[in-house]
Amino acid sequence: MRQSSNGPVKKSMREKAVERRNVNKEHNSNFKAGYIPIDEERLHKTGLRGRKGNLAICVIILLFILAVINLIITLVIWAVIRIGPNGCDSMEFHETGLLRFKQVSDMGVIRPLYKSTVGGRRNENLVITGNNQPIVFQQGTTKLSVEKNKTSITSDIGMQFFDPRTQNILFSTDYETHEFHLPSGVKSLNVQKASTERITSNATSDLNIKVDGRAIVRGNEGVFIMGKTIEFHMAGNMELKAENSIILNGTVMVNTTRLPSSSSGDQFGSGDWVRYKLCVCADGTLFKVPVTGQNMGCQISDNPCGNTH
């Protein structure tokens, strides 16, 4: 719109179009229009940068590792339990809490819950096999170990075997309530150490105590050995010790074939040997007398038998 002395003069349509074209052309050729130079370092940076970025990468790597481990565990469970379209092929879960294995299972340690039972199917044997290792059943301090050459049972609180049908006690270590008897069919008992009040056999059989090395029989208030015939067979020495006295009541026979003897030419008291004579009192008390000469008797000053020996 132009100005004149008479007032504003209106532009024609052609003039307006030419003016608009010139303005648009000027703006299109001016690339710096509206541009304000600003330092890039001063701008606000978006996204995860620096430590936050490193932490995000570590979290992503950790999630990836957990996903791989989860996949491996899932594949192992699928391979062991054999989960298929029809369910689990190797075991069954029942509403009563029963877990039934339908195939041969390979496992290391089984820990049943409180008052649980491990058994087999009816009319089928339960086979438990250890690959070159003993089979161990343990409950608290009681342990049953089945090995290739032996079966051992250890317990700090005792053990008891009974018939599940008749509930009759077959074997028990509760000596205060039940007297200890060997189970039927067991002929011998192998122990390293036994502590008991007495050891007896039945009236129709002998009581034999055999050891490979050394046997020690000790009693806090004495040791009493009674029987129709008592025999001691030893490859080495037999030693009898007592604080007060040793009493042999009955006929005592000593086989001297293996006892050492001196030649007739040796002198008594010569050399490193000290010789004793074994004497017995009328009440069965034994004592020794040092031999200092031939045809020596048992009369000594401190005779334990008194005047009669």
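Modeller: This is a predicted model. Let us begin with one segment: over residues 55–81 the chain is 100% helix and 0% strand, with its end C-alpha atoms 39 Å apart.

Colleague: Which UniProt annotation covers residues 55–81?

Modeller: The UniProt record, an unreviewed entry, labels residues 55–81 "transmembrane region". Such annotations may be inferred rather than shown by experiment.

Colleague: How does one compare the span of helix H2 with the span that its 31 residues should give?

Modeller: The expected span of a helix is 1.5 Å times one less than its number of residues. Helix H2 (residues 51–81) has 31 residues and should therefore span 45 Å; the distance between its end C-alpha atoms is 45 Å, which agrees.

Colleague: Let us turn to the strands. What is the order of the open sheet of three strands, and how are they paired?

Modeller: The order is S7-S8-S9, and the pairing is antiparallel. Strands S7 (135–139) and S9 (151–154) are the edge strands, each pairing on one side only. From one strand to the next, the twist averages 5 degrees.

Colleague: How many bridges join S7 to S8, and how many lie between S8 and S9?

Modeller: Two strands count as paired if DSSP finds at least two bridges between them. Strand S8 (residues 142–146) is joined to S7 by five bridges, and Val136 has Ser145 in S8 as its bridge partner. Between S8 and S9 there are four bridges, again in the antiparallel sense. Here Val146 stands opposite Thr151 in S9. S8 and S9 also form a hairpin, with four residues between them.

Colleague: Which residues make up the largest nonpolar core?

Modeller: A residue counts as buried under 20% relative accessible area. The largest nonpolar core has six residues: Cys279, Cys281, Phe287, Val289, Cys298 and Cys305. Leaving aside residues up to four places away in sequence, Val289 touches several others, among them Arg275, Tyr276, Met296 and Ile300. The contacts of Val289 also include Cys279 and Cys298, which belong to that core.

Colleague: What, finally, describes the protein as a whole?

Modeller: Its secondary structure comes to two helices and 13 strands. Of its 309 residues, 6% count as buried. Among contacts between residues at least 6 apart in sequence, 10% join residues at least 24 apart.

Terms used. Residues numbered from 1 in each chain as written. Predicted model: local features only at pLDDT ≥ 70, side-chain atom pairs only at ≥ 80, totals over all residues. Heavy atoms only, no water. Axes fitted to C-alpha atoms, helices over the stretch in contact; angles between N-to-C directions. Core = buried A, V, L, I, M, F, W, Y, C linked by side-chain atoms within 4.5 Å. Buried < 20%, exposed > 50% of the residue type's maximum accessible area, 1.4 Å probe, protein only. Contact = heavy atoms within 4.5 Å.
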